[in-house]
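Hi,

Here is the structure I promised to send over. Have a look at it first, and then read on for what turned up.

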Amino acid sequence: MPQALERADGSWAWVVLLATVVSQGLTLGFPTCIGIFFTELQWEFQASNSETSWFPSILTAVVHMAGGCRVGVMEEACLQAGLPSCPAGLGMCFSFQSSITVLGLYFVRRQVLANALASMGVSLGITLWPLLSRYLLEDLGWRGAFLVFGGVFLHCCICGAVMRPVATSLAPETKECPPPPPKTPALGCLAACGQTIQRHLAFDILRHNTGYRVYTLGVMWSILGFPLPHVFLVPYAMRHRVDEQQAALLISIIGFSNIFLRPLAGLVAGRRAFASHRKYLFSLAVLLNGLTNLVCAASADFWVLVGYCLVYSVSMSGIGALVFQVLMDIVPMDRFSSALGLFTVLDGLAFLISPPLAGLLLDSTNNFSYVFYMSSFFLISAALFMGSSFYFLQKKERQDKQAVGTDALEQDLFLEGKDGSGKQRCPEIIWCQSSRPPCPAGVNKYPWGCPASSRSSHECLLWPKAVLQAKQRALGRNSP
């Protein structure tokens with residue numbers, strides 16, 4: 001029996017938004033609490049910092065390196081129920097990518113606000129997961145805590161169930177019985193895999209869309225530093241004799257602040273005045289995020305770290321509210337799913353490398369400050385790269401449009417002969433022919449030159465100045 005399609009921007013869209021909030025809170029919010037278990041896992045397995053870092057690294061990388069659909073959200077719950085890193089990360093990926101894609105189809109007019117409210121679920125997860133983790137770790141140990149987490153993740157089945165198919169604006173094509181396709185030889189395994197990858201991963205967009213290429217590389221580079229505070233902030237605070245409860249509270253402060261800051265960032269970015277500047281706002285948020293990590297490296301006092309978490313929350317809210325919206329602005333919505341797939345796969349590679357690389361640096365120096373310096377370097381350099389690249393791309397695009405407009409304008413500038421029998425290309429704009437008698441004294445009252453009644457007698461056969469100025473204003477050029 002065919003299933004009824006839901007309407008975009010309808011009442012059910014808000015139910016899907018609520019399901020997305022819960023889904024993102026359970027999935028993307030969970031990796032931030034791994035720092036609570038970092039010291040416990042390190043002691044349990046007698047592992048180094050670099051070896052222990054592979055657990056959050058693999059989990060977060062797999063979250064970003066697969067994709068899904070409505071059924072994928074429900075499969076995610078079953079996979080996460082089994083935790084450890086790889087199956088749980090795969091399930092989380094099915095959930096969060098599917099919810100982001102479906103949300104973009106359900107919301108058209110309020111898309112920016114919907115993305116900001118959905119990312120608020122991550123803030124709720126960042127707030128609650130560390131507190132719950134600390135409580136379960138003290139009472140049940142890390143094994144018992146992970147069993148409870150598996151049961152909590154099963155609630156994502158409900159989120160997947162409410163994500164019904166949505167009607168699109170494209171009308172289905174009606175075709176009469178098409179002729180049977182010609183027989184073609186069966187594709188080999190490698191060719192079939194290549195076609196499947198090309199269909200689901202937007203390599204063609206990566207090759208031809210410069211903005212998408214810049215954005216993907218910039219975000220990938222920034223992710224080499226972005227997850228490090230979430231992994232190493234709690235061990236860093238505990239190394240400097242901050243109480244375990246207070247150390248866990250630091251992550252919750254970041255999440256609680258984001259609950260209010262992310263919707264505010266979405267409202268600001270959703271204003272029409274900022275529509276063409278969202279990519280610059282995102283670059284600014286990444287730059288601020290990198291600069292705040294320098295404060296954390298300067299002092300490990302608890303109240304200094306609290307101030308750091310509050311400032312860090314401002315930049316993190318901007319990143320969370322804009323990261324997917326900027327991608328929606330760069331690529332067409334009908335290719336967003338495949339563009340998001342390739343985007344998250346490449347980001348997953350950065351997530352896989354970042355924590356072990358920082359752990360290796362920590363093992364060699366035994367100084368947490370270098371970890372935060374490393375995070376600042378990647379974030380600041382990525383922000384400068386994206387901001388400058390977007391500026392030059394926009395400048396080049398504007399120059400190309402002006403060049404095309406100038407060519408079209410030159411083709412329109414013709415002087416008609418006196419008898420009107422032919423047209424002649426005009427190399428420059430002439431207001432009155434100097435070889436003829438001057439125009440009447442009242443010509444200044446007319447912005448386009450001589451009155452129409454006196455043109456034939458005074459040979460002021462001119463391109464109307466008002467029309468020319470209007471065209472030049474549309475092209476962003478000054479009138480001659």
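**Salt bridges and the overall fold**

Helix α17 (residues 369-412) holds both D400 and K396, which sit four residues apart, about one turn of the helix. Their side chains meet in a salt bridge, with 3.3 Å from N to O. Neither end is hidden away: D400 counts as partly exposed at 40% relative accessibility, and K396 counts as partly exposed at 49%. Before you read too much into any of this, do keep in mind that this is a predicted model.

Elsewhere, salt bridges with shared partners link R134, E138 and E244 into one network. Within that group, the side chains of E138 and R134 meet at 3.6 Å, N to O. These two are also four residues apart, this time in helix α7, so about one helical turn separates them. Their surroundings are worth a look on your screen. R134 has a relative accessible area of 8%, which makes it buried because the cut-off for that is under 20%. E138, with 45%, is partly exposed.

What about a pair that bridges two helices? R143 and E44 form a salt bridge through their side chains, at 3.4 Å from N to O. R143 belongs to helix α7 (residues 111-153) and E44 to helix α2 (residues 34-45), so this pair ties together parts that lie 99 residues apart in sequence. Both partners are partly exposed: R143 has 48% relative accessibility, while E44 has a relative accessible area of 31%. As a reminder of the background, side chains of opposite charge can pair when their charged atoms come close. In total, the structure holds six salt bridges, and the ones I went through above include D400 with K396 and R143 with E44.

Now the wider view. The protein chain has 19 helices and two strands. Of its 480 residues, 47% are buried. If you take contacts between residues at least 6 apart in sequence, 79% of them join residues at least 24 apart. As for the surface, the chain exposes about 24100 Å², and carbon and sulfur atoms supply 64% of that.

If you want one place to start, open helix α7: R134 and E138 are both in it, and R143 reaches from there to E44 in helix α2.

Cheers

Conventions: Residues are numbered from 1 along each chain as its sequence is written. This is a predicted model: local features need pLDDT of at least 70, side-chain atom pairs count only at pLDDT 80 or more; totals for chains, interfaces and linings use all residues. Side-chain values use heavy atoms; hydrogens and water are left out. Buried means under 20% relative accessible area, exposed over 50%, partly exposed in between (1.4 Å probe, protein chains only). Contact means heavy atoms within 4.5 Å. Accessible areas come from the Shrake-Rupley method with a 1.4 Å probe; for residues, only the protein chains shown count as cover. A salt bridge is a side-chain nitrogen of Lys or Arg within 4 Å of a carboxyl oxygen of Asp or Glu.
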